Amino acid sequence: MALDVAWARRWARESAAAIAAAKDELMELDRQIGDADHGENLNRGFQAVVAKLDAQPPPGTAADGDPAASPLIADVLKLVATTLMSSVGGASGPLYGTAYLRAAKVTGLSVLDAHGVVALLEGALEGITSRGKAVPGEKTMVDAWTPAVEAAIATADAGGTPEDVLEAAATASAAGAVATVPLLATKGRASYLGERSIGHEDPGAASSAIILRAAVRAAGA
Ligand code: ADP
Ligand code: MG
Ligand code: MG
């Protein structure tokens, strides 16, 4: 299945479903090293995204001049960005919002090739780091997105398909999330715990891996 605007819409919907299913697990992770709201924050945001997608006219039926008539992947990413920014709150709302916004800015094609997927993922990571100033190893969502981007680049350079690139990114992000367990948090709310943040998985890294796995499912892989 081509990674086109329909894929981008499926990605948003698959993300919403997966975040809803993982809500309690994410709340529990955030209860350990934060304020127990990450699952609820993100679920509220993605449910708002689904509501906006549902409210759009079916693709191809809108009046001339309406962006919904010939929407681009970037338009879907922008819709996700603005919706998450206005409805998630906390630290993760602006971080995810900026990730999708930056990804939208670098996603110009109507069908992504392997390097287009890399550009999207790189854009997302740049958005997160420019907003939150975290570097790898600080026990944040950056620790899921950084290995995802690295694996995506390696897979695209090796001649992988766009789906291969997504799969590599999702797998690497999940490993990156698990690898946050022994880390000491030095950014965000978890950093208030100091040494007591060690031994728990970062909720934002966990949700990032869930969202990237949803991108694979949306591609029908
Ligand atoms: P809050 O901490 O305000 O309650 P959330 O619980 O929704 O917000 O999100 C917490 C997640 O945000 C963390 O698990 C971490 O992954 C991410 N995070 C926090 N600060 C930063 C930062 N400066 N850079 C990157 N990610 C961050
Ligand atoms: Mg929280
Ligand atoms: Mg909070």
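Leaving aside neighbours within four places in sequence, which residues is A152 in contact with? They are V117, V118, L121, V165, A168 and A169. This is a predicted model. The mean pLDDT of the protein chain is 95, and the predictor gives the complex an ipTM of 0.99.

**Confidence**
- Of the residues in the protein chain, 94% reach a pLDDT of 70 or more.
- The pTM of the complex is 0.95, alongside the ipTM of 0.99.

**The nonpolar core**
- The largest nonpolar core holds 68 residues.
- Within that core, L77, Y100, V117, L121, A148, A152 and A169 touch the most other members.
- A152 has contacts with V117, L121 and A169, among others.
- In soluble globular proteins, nonpolar side chains tend to be buried together.

**Helix α8**
- Helix α8 covers residues 162–178.
- Its 17 residues should span 24 Å at 1.5 Å a residue, and this agrees with the 25 Å between its end C-alpha atoms.
- α8 is mostly covered, with 12 of its 17 residues buried.
- The buried set includes P162, V165, L166, E167 and A168.
- A169, A170, A172, S173, A174, G176 and A177 of α8 are buried too.
- These buried residues pack against α6, α7 (142–157) and α9.
- Two of the buried α8 residues, A168 and A169, are also among the contacts of A152.

**Helix α9**
- Helix α9 runs over residues 203–218.
- At 1.5 Å a residue, its 16 residues should span 22 Å; the end C-alpha atoms lie 23 Å apart, which agrees.
- α9 is mostly covered, as 14 of its 16 residues are buried.
- G220 follows α9 and has a positive phi, near 75 degrees.

**Around ligand 1**
- Ligand 1 is surrounded by 24 residues.
- The closest are G90, G132, T140, G188 and G204.
- Four helices each supply at least two residues of this shell: α3 (38–55), α5 (92–106), α6 (114–132) and α9.
- Which helix gives the most to the shell around ligand 1? It is α9, with 3 residues.
- By class, the shell has 8 nonpolar, 9 polar and 7 charged residues.

**Positive phi in loops**
- Most residues other than glycine have a negative phi.
- A36 is not a glycine, yet its phi is positive, at about 65 degrees.
- A36 sits in the loop between α2 (23–33) and α3.
- A36 is partly exposed, because 15 other C-beta atoms lie within 10 Å.
- K139 is another residue other than glycine with a positive phi, near 65 degrees.
- K139 belongs to the loop between α6 and α7.
- Is K139 buried or exposed? K139 counts as buried, because it has 28 C-beta neighbours inside 10 Å.

**A20 and E163**
- A20 is part of helix α1 (residues 5–21).
- A20 counts as partly exposed, because it has 15 C-beta neighbours inside 10 Å.
- A20 and E163 are 143 residues apart in sequence.
- In space, A20 and E163 are 24 Å apart, C-alpha to C-alpha.

Note on methods: Residues are numbered from 1 along each chain as its sequence is written. Chains are lettered from A and ligands numbered from 1 in the order in which they are written. This is a predicted model: local features need pLDDT of at least 70, side-chain atom pairs count only at pLDDT 80 or more; totals for chains, interfaces and linings use all residues. The expected span of a helix is 1.5 Å times one less than its number of residues. A residue is buried if 20 or more other C-beta atoms lie within 10 Å of its own, exposed if 12 or fewer, and partly exposed in between; C-beta atoms are placed from the backbone. A residue is near a molecule or strand if its C-beta atom, placed from the backbone, lies within 6 Å of it. Ala, Val, Leu, Ile, Met, Phe, Trp, Tyr, Cys and Pro count as nonpolar, Asp, Glu, Lys and Arg as charged, and the others, Gly among them, as polar. pLDDT is the predictor's confidence in each residue, from 0 to 100. Two residues are in contact if their C-beta atoms, placed from the backbone, lie within 7 Å. A nonpolar core is a set of buried Ala, Val, Leu, Ile, Met, Phe, Trp, Tyr and Cys residues joined through C-beta atoms within 7 Å.
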